[in-house]
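Hello,

Here is the structure we talked about. Please open it alongside this note; what I found follows below.

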Amino acid sequence: MQDLTLVMAQLDPLVGDIPGNAERAIEAVREARIEHGADIVVFPELFLSGYPPEDLLLRPSMETRLREARSRMAAKMSRDVLVIIGYPGRREGLGYNLAGLLYNGEWIGEYAKQVLPNYQVFDERRYFATGEQSLVLEHKGAKLGVLICEDLWDGAPVRAARDAGADIVVTLNASPYHQDKPAERLRLLEQRAAEVSLPLVYVNTIGGQDELVFDGGSACVDAGGQVRVVAPYWQAGLMPVQFVQENGAWAPVEGEIEPLEEPEESLYCALVSGVRDYVNKSGFEGVVLGLSGGIDSALTLAIAVDALGPQRVHAVMMPYRYTADMSQEDAAEQARVLGVHYEVLPIEPMVDAFMTTLADTFAGTERDTTEENLQSRCRGVLLMAISNKKGLMVLTTGNKSEMAVGYATLYGDMVGGFNALKDVYKTWVYRLARWRNAQEPAIPERVITRPPSAELAPGQQDTDSLPDYDTLDAILMRYIEGDMSAEAIIEAGFERDDVYQVVKLVDRNEYKRRQAPVGVRVTPRGFGRDRRYPIVNGWQPGD
Ligand SMILES: Nc1ncnc2c1ncn2[C@@H]1O[C@H](COP(=O)(O)OP(=O)(O)OC[C@H]2O[C@@H]([n+]3cccc(C(=O)O)c3)[C@H](O)[C@@H]2O)[C@@H](O)[C@H]1O
Ligand SMILES: Nc1ncnc2c1ncn2[C@@H]1O[C@H](COP(=O)(O)OP(=O)(O)OP(=O)(O)O)[C@@H](O)[C@H]1O
Ligand SMILES: NC(=O)CC[C@H](N)C(=O)O
């Protein structure tokens, strides 16, 4: 009986760091050889450039850098291991998304991705031409059919690899996370493997890259569609898969199978991973945020601490005359429980100074949101000053429900570099806060149970001007993720006035979202590359 050890290198490349990624790959192959006795090591899609490299692909030296990195790999990689790794490349003036095969110091094969995704956040047709051919290569008696990510989702290239004689289908992936995606992916793998009656190896990227976050969960499914190995989610590492040849067919031996996470755990880990990688890969010492005693900043603080450790997180309470005692007590208590650096900076003198300067300009006008926004902007100025002086990045705290309806102040609570909750609906903010507290207390209970308020005016509550969050989120999910019309949402059972108020607010506030910090994308329709609406437009909502 013959056997074969394939190692799935579920690793986190740094986009653009081509020499560094090549070193990571060389080191991983060495480790896979020593620790697991690897015959084959498979890396994710576009590992050498990182995914997505975007317009770096247009830089003139991209090709040279990749060539140098691949030469170095050929010279340095363990010679008796077959390495399959993703990188971009040019052929006759066209760009391709490639998988290269390196063995015994030589590049012995190259496959070009046949199906290029161009929906949601994907924009691969901007850079790549489509490959036209399957690649099946024999190694130690096993014929490996090599595919890249969307090839698998499409299906046709999988069947073509089988028809070309593959015994095992190996796919290199950069498949970003959104809620429910891990389960969706496993179902797809089971279905595809069963369709072609071949075992399938799926190696995914891990870690955060701008708005994207990759969850890992690399896996192997047998020819009957049974899951045999699943690597951990949210953890970089090498995962071996043992294959044995029986009656002429190759079958994976059952190994470690990481169970699917609960929805809250999965989402929370995505946010932690997104914040950690954005801050660390950008080289910041830590983060600072305004801690209001409300639930959004409380959850953001817990995520920041879990991502970076309490020593790298600074929280600032900036009370004004409408800030309740309860808010100050809860903010101080949370900072104490989590062990973060905490300070109190009252904004009353700043707001008063602005109002004094503007007194003549505003003479005879009524109080309105102008005065509320000034409070928010004073806080933003303080946070940015702390950021500049201490090299800490400001985390903003607005959730998806607020970003959708423009319930945030430009150059006020919207100042900052990154937003953990940007794609998390308010109802999920509550679910996550409860889930996090159930693991280990992090957020004072009262922060979760009190009615949400911006505390920008006396006695103010969010529901004064918006439908309750259950209703608001239900309408938003239908409008944003579901692409439903206002009339269709009303037919689904919502109040006409609520629906039109919400839909109009969403449409009207595109200008704000375009100025908002980037944040972790965790739904199939985040407010980033996923949803591109014109700012100036005359569209009337309706059917
Ligand atoms: N189409 C467009 N393109 C470009 N710019 C446009 C624009 N329309 C308005 N603007 C500009 O934007 C300004 C209005 O925006 P902005 O100054 O932000 O102010 P605005 O949206 O009028 O007010 C902020 C809202 O957010 C709420 N808020 C604030 C802070 C925290 C929270 C919370 O609970 O989290 C809620 C607050 O209660 C209020 O409803 C206009 O004065 C104008 O300068
Ligand atoms: N008194 C405050 N001290 C420090 N930061 C504040 C204060 N008030 C508001 N902020 C900052 O501005 C953000 C928006 O706050 P606001 O209270 O207006 O809205 P919110 O969406 O209810 O947020 P939260 O649930 O965190 O209170 C907060 O998350 C916080 O970062
Ligand atoms: N990189 C890709 O081809 C990704 C596309 C694929 N449908 C996914 O999200 O997993």
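E402 sits in helix 11, which spans residues 400-405. Bear in mind that this is a predicted model. E402 has 26 other C-beta atoms within 10 Å, so it counts as buried. Beyond residues up to four places away in sequence, E402 touches Y407 and A408.

K512 belongs to helix 17, residues 510-514.

Next, V502. This residue lies in helix 16, residues 496-508. V502 has 27 C-beta neighbours inside 10 Å and therefore counts as buried. Setting aside neighbours within four places in sequence, V502 is in contact with V405, L472, I475 and L476. The C-alpha atoms of V502 and A404 are 8.7 Å apart. Along the chain, V502 and A404 are separated by 98 residues.

Last, ligand 3. Which residues are around ligand 3? They are E45, P117, F122, C149, E150, W153, A174, S175 and P176. By type, this shell holds six nonpolar residues, one polar and two charged.

Best wishes

Notes: Residues numbered from 1 in each chain as written. Chains lettered and ligands numbered in written order. Predicted model: local features only at pLDDT ≥ 70, side-chain atom pairs only at ≥ 80, totals over all residues. Helix = DSSP H or I, 4+ residues; strand = E, 2+ residues; numbered from the N terminus. Buried ≥ 20, exposed ≤ 12 C-beta atoms within 10 Å, placed from the backbone. Contact = placed C-beta atoms within 7 Å. Near = placed C-beta within 6 Å. Nonpolar A, V, L, I, M, F, W, Y, C, P; charged D, E, K, R; others polar.
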